[in-house]
Amino acid sequence: MTCNDWRSKLDAYADGELEPKDAAAVGVHLKSCASCAAQALEHVQMKRSVAVAGRRYAPSGDLRAKISKSVSAKSSPRKGWAWRLAAAPAIVVLLASLGVSWYVARESARRERVYSELADLHVSALASSSPVDVISTDRHTVKPWFQGKIPFSFNLPELQGSDFTLIGGRVTYLGQAPGAHLIYQLRKHEISVFIFQDRGAESVQTSGAMQANAFNVENWSENGLRYFVVGDVSASDVEALSKLLRDAH
Amino acid sequence: MEVSDKRLPAATFEDLALPLFDQLYNFACWLARDTVEAEDLVQETYAKALRGFSSFQAGTNFRAWMYRILRNSFLSSRTGLKTTVSLEEEDSEVTPTDTSTPESVLLSQADRVMVQRALEELPLRFREILLLCEVEEMSYQEIAETLAIPTGTVMSRLFRARKALRGLLEQKLQGGRRDV
């Protein structure tokens, strides 16, 4: 296949609409072709900027109250209870099955999207001429630097005796929510640690380790914060750093 | 900003429809380009959906169904009727573009505003499909159900919408950022 053939698939690839087999094939090609990879990144960036720019209007409290009242008044059991009673079991089954499959699909799509965004943030930070805004191997310098820049605080582990080195940090955004992006080094490999508040539309509900775009990713939630560790090191190295971070609390 | 108090499994219209409120309102604003009209649209949508809930078909996507009602309400509204023409029009290229990228569209405030402007300038059929795909994160299948078009059309329209958006962004980047 030529690069043009691959590029015709990038939209569907970025939208998560390719069959797993095809998506994997695109992934393999992207690893070996810098120009297609750049295109893919551009697709993802474009998606992300529309997603952010498109979330623009928030309804007034008045309208919320009005809608909520009209809906609950009319769907309250007092009216139409006979219909509701008759239809209830079927509707419950229908909605439960709809809801579950919808939720599962959506969760996995969301997780994939968040992971690929994080992988992008990781790559673009490393590719940037100044990957970090606060350069320091000292956690007591890096942690206070974030004060006032992000709406939460976190603890960083003592690294003495481990192979990890702290390089520094920067403020980052995931779906409009500010967070901390820390970069660690392990044998010339950079590993990103992202910390966000664990809420909002962007949050991932399930913890665990997985592979995303050839990176190993581990994520968990702790004290209202969601941690992601992303790197091209082995899964066990990612896990080791994750453990250090967990133990810092 | 809690929308619904979570009740146990019972799946009433309220449980299903209220969580969509914020997104529907956002989408309505993007369609109508006017907050008063958007409010009317959202109210109309909920009223119609509530009335039609008994005929809501098993196996149909509830979210797509709600968006379809909202969109149909808009298209039959006064503002909507004026825009329908452009919805049906065949594609006119917004700007010629090659595949060069608007250099790193980042998420700064300025860029967000720029993307919003570009979205506003897009024809309705491009704007709505981009919003459904990127903001509402609908699958191609859901978009197809919402817009009542085949999945193949979803793909080709999305492709053209992105191309048009890219073209507009390039224009804006060239126009507004010579200094960079």
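In chain A, 58% of the contacts with a separation of 6 or more are between residues 24 or more positions apart. This is a predicted model, so please keep that in mind throughout. Chain A has 249 residues, and 29% of them count as buried. Its secondary structure comes to eight helices and seven strands.

Next, the cores. The general expectation for soluble globular proteins is that nonpolar side chains tend to be buried together. Here the largest nonpolar core holds 56 residues. The members that touch the most others are Leu24(B), Ala28(B), Met66(B), Leu70(B), Ile129(B) and Leu130(B). Which helix of chain B gives the most to this core? That is helix 2, residues 21–32, with nine residues.

Take Leu70(B) as an example. Leaving out residues up to four places away in sequence, Leu70(B) touches Leu24(B), Phe27(B), Ala28(B), Leu41(B) and Thr45(B). There is also a second, separate core, of 29 residues; among them are Val193(A), Phe215(A), Leu241(A) and Leu245(A).

Now the contact between the chains. It takes 37 residues from chain A and 43 from chain B. On the chain B side, at least two residues each come from helix 1 (13–17), helix 2, helix 3 (35–52), helix 6 (109–121), helix 7 (124–135) and helix 9 (151–176). Helix 3 of chain B gives the most to that side, with six residues. What is the make-up of the chain B side, by nonpolar, polar and charged residues? The side of chain B that touches chain A has 26 nonpolar residues, nine charged and eight polar.

Methods. Residues numbered from 1 in each chain as written. Chains lettered and ligands numbered in written order. Predicted model: local features only at pLDDT ≥ 70, side-chain atom pairs only at ≥ 80, totals over all residues. Core = buried A, V, L, I, M, F, W, Y, C linked by C-beta atoms within 7 Å. Buried ≥ 20, exposed ≤ 12 C-beta atoms within 10 Å, placed from the backbone. Helix = DSSP H or I, 4+ residues; strand = E, 2+ residues; numbered from the N terminus. Contact = placed C-beta atoms within 7 Å. Nonpolar A, V, L, I, M, F, W, Y, C, P; charged D, E, K, R; others polar.
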